[in-house]
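Please look at the sequence and the structure below side by side, and keep both in view while reading.

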Amino acid sequence: MATYKPVVVQAIPKLGERVTQDTVYWRGYKTPVQIKEFGAVNKIDFSPVPPYNYAVTASSRIHIYGRYSQEPIKTFSRFKDAAYCATYRDDGNLLVAGSEEGSIRLFDISGRAPLRQFDGHTKAVHVVGFLSDKYRIFSGGDDYSSNLWDIPSATEIVSYSEHTDYVRCGCASKVNADVFITGSYDHTVKLFDARTKSSVMTIEHGQPVESVLLFPSGGLLVSAGGRYVKVWDVLKGGQLLVSLKNHHKTVTCLCLNSSGQRLLSGSLDRHVKIYSTTSYKVVHSFNYATSILSLALSPEDETIVVGMTNGVLNVKHRKPEERKEKFQKKRQPAYRTYVKGRTYMPKQEDFCVSKPVKRVLRKYDKLLKSFQSSKALDAVLEPPIRLYTPEVTVAVMQELHRRGTLRSALAGRDEKQINLLLTFVARRVIEPRFTPVLVTVADMITDIYQPVVGQSAIVDRQFLRLQEAIGKEIDYQEELLEVLGMMDTLFATFTKKRATYLEENKSNGLTETIETSTNN
């Protein structure tokens, strides 16, 4: 008696994911830690000095977190209303923040009460930061003004009122202590020099500007607004170098890594995109639960912190490098111990004993072996197989068709089973690898259950879905044939032109040869 041969499932090669050095690097972060804040997180800023604590501005409080702490190690809560844009000074000793009431407060990290308070804005101050000389502060508010303040005397140095809408972002140059930049909802980015009474450069972004970033060299400026991230050359008078449109919603924050070779952007579409600053192509991306408002990367790139609209702080730490400990190697048996006897060839008088191989059959193979066609089909229509390995379901259907029992396996089913079959066929019939088998299955189902059409709304709906799927596929095939015909015409034209060109060259060469012979 012949032994049963299991169903052969056709193996389809899958396209592997492209793994680059950036993919390996950015995936080298641990599972994120979630910290709940009191409101939407509008700013995250890392201290530039060890141990690299970070300040989180949310609602009317500023929380200082240690790198690995899940509870704030310090809190500044001397605000009547919302606080904005808490930013560290370069030495990590002072912290400045704006507020909804229009005042700016300067804090000492070791204290709690504000050291200075700067009053001059008439509306909310969303942008504050230190100039690189450490003794002046710039600010921007909803009163359309950009101001410069002196820390020792707590007085206003100069005020610029050139924007025509809310000033919502800004940054200072690390190269020049007198230069700072602000971005506004009037679609412009303005570069100010404290030694002049007006802006020295205006750049038109084209969308309300949500974030600006200046490269450490001071030569390149990045602006984010709407769905666009744009890179400008400041040294060439604000020339646009590249415009990136990789987000689906408004880009809200920008960040550079420690080397300046990677640019990070966060958006309301819940994604953080990472760009190479040489090619400006996306090299990696992170996906988050809700819309992103703020983003920060620690000075050593060890921690990524993302603030979201629902008040959740998402913290990812880099996995520590595995240290290979040196152990004394135990002496292993010689190589000949493992290969002993492998090359021995049995002689003619030897009696060989073969070990029987036990083959484990799957459920559908056992049912096919016992000629239970309908139950075998039911087994491969279960969710784990139907959804994740549809090639197994189609292989069993093909085997039943080969045996001539497919029609009997499809017949005699209730409304629920018919609905399941039609759902699977309508979903998978358009896949080229399954189309030959599933077209036959669909034809048989239509023949068997045509008399009951109109008795069940569920079955009728599935038949209409199947008809729609096949109709769309036929339309696609017709369009592809038209395109193929156009391409054949073009290729034929090119071939004809090339042949004509070669003939002309040959004839010209022959003429030149005859003329040369005549002259000689």
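**A helix and its buried face**

Helix α9, which covers residues 435–449, has 15 residues and reaches 21 Å from its first C-alpha to its last, close to the 21 Å expected at 1.5 Å a residue. Here the expected span is 1.5 Å times one less than the number of residues in the helix, while helices (H or I, at least four residues) and strands (E, at least two) are DSSP runs, numbered from the N terminus. In α9, the residues Val437, Leu438, Val441, Ala442, Met444, Ile445, Ile448 and Tyr449 are buried. Seen down the axis of α9, these buried residues fall within an arc of 165°, so they line one face of the helix; the arc is that of the directions from the helix axis to the C-beta atoms. Buried means under 20% relative accessible area, exposed means over 50%, and partly exposed lies in between, with a 1.4 Å probe and protein chains only.

This is a predicted model, in which local features need pLDDT of at least 70 and side-chain atom pairs count only at pLDDT 80 or more, whereas totals for chains, interfaces and linings use all residues. Residues are numbered from 1 along each chain as its sequence is written, and side-chain values use heavy atoms, with hydrogens and water left out.

**Charged pairs**

How many salt bridges does a search of the whole structure find? The search finds 18 salt bridges, a salt bridge being a side-chain nitrogen of Lys or Arg within 4 Å of a carboxyl oxygen of Asp or Glu. One of them joins Arg89 to Asp91, with the closest N and O atoms 2.6 Å apart, and Arg89 is buried, having a relative accessible area of 13%. Another links Glu101 with Arg105, where the closest N and O atoms are 3.0 Å apart; Glu101 is partly exposed at 31% relative accessible area, whereas Arg105, at 7%, counts as buried.

In helix α10 (residues 457–519), Glu468 and Lys472 are 4 residues apart, and therefore separated by about one helical turn, and their side chains meet in a salt bridge of 3.6 Å, N to O. Glu468 is partly exposed, with a relative accessible area of 46%, and Lys472 likewise counts as partly exposed, at 44%. Elsewhere, Asp133, Arg136, Asp178, Asp193 and Arg195 are linked in a network of salt bridges.

**The surroundings of Thr87**

Thr87 is found in strand β6, which covers residues 83–88, and counts as buried at 13% relative accessibility. Leaving aside residues up to four places away in sequence, Thr87 touches Lys43, Asp45, Leu94, Leu95, Val96, Val128 and Phe130, where contact means heavy atoms within 4.5 Å. A polar atom of the Thr87 side chain also lies 3.0 Å from the backbone oxygen of Cys85. Between Thr87 and Ser370 there are 283 residues of separation in sequence and 74 Å in space, C-alpha to C-alpha.

**The whole chain**

The chain has 10 helices and 28 strands, and of its 520 residues 43% count as buried. Its C-alpha trace spans about 100 × 90 × 75 Å along the principal axes. The chain has a radius of gyration of 36 Å, whereas a compact globule of 520 residues would have one near 24 Å; this radius is taken over C-alpha atoms, and the globule rule is 2.2 Å times the number of residues to the power 0.38. Among the contacts in the chain with a separation of 6 or more, 45% are between residues 24 or more positions apart.

Note on methods:
A polar contact is a pair of N or O atoms within 3.5 Å; within protein, one must be able to donate a hydrogen and the other to accept it, and residues adjacent in sequence count only if both atoms are side-chain atoms.
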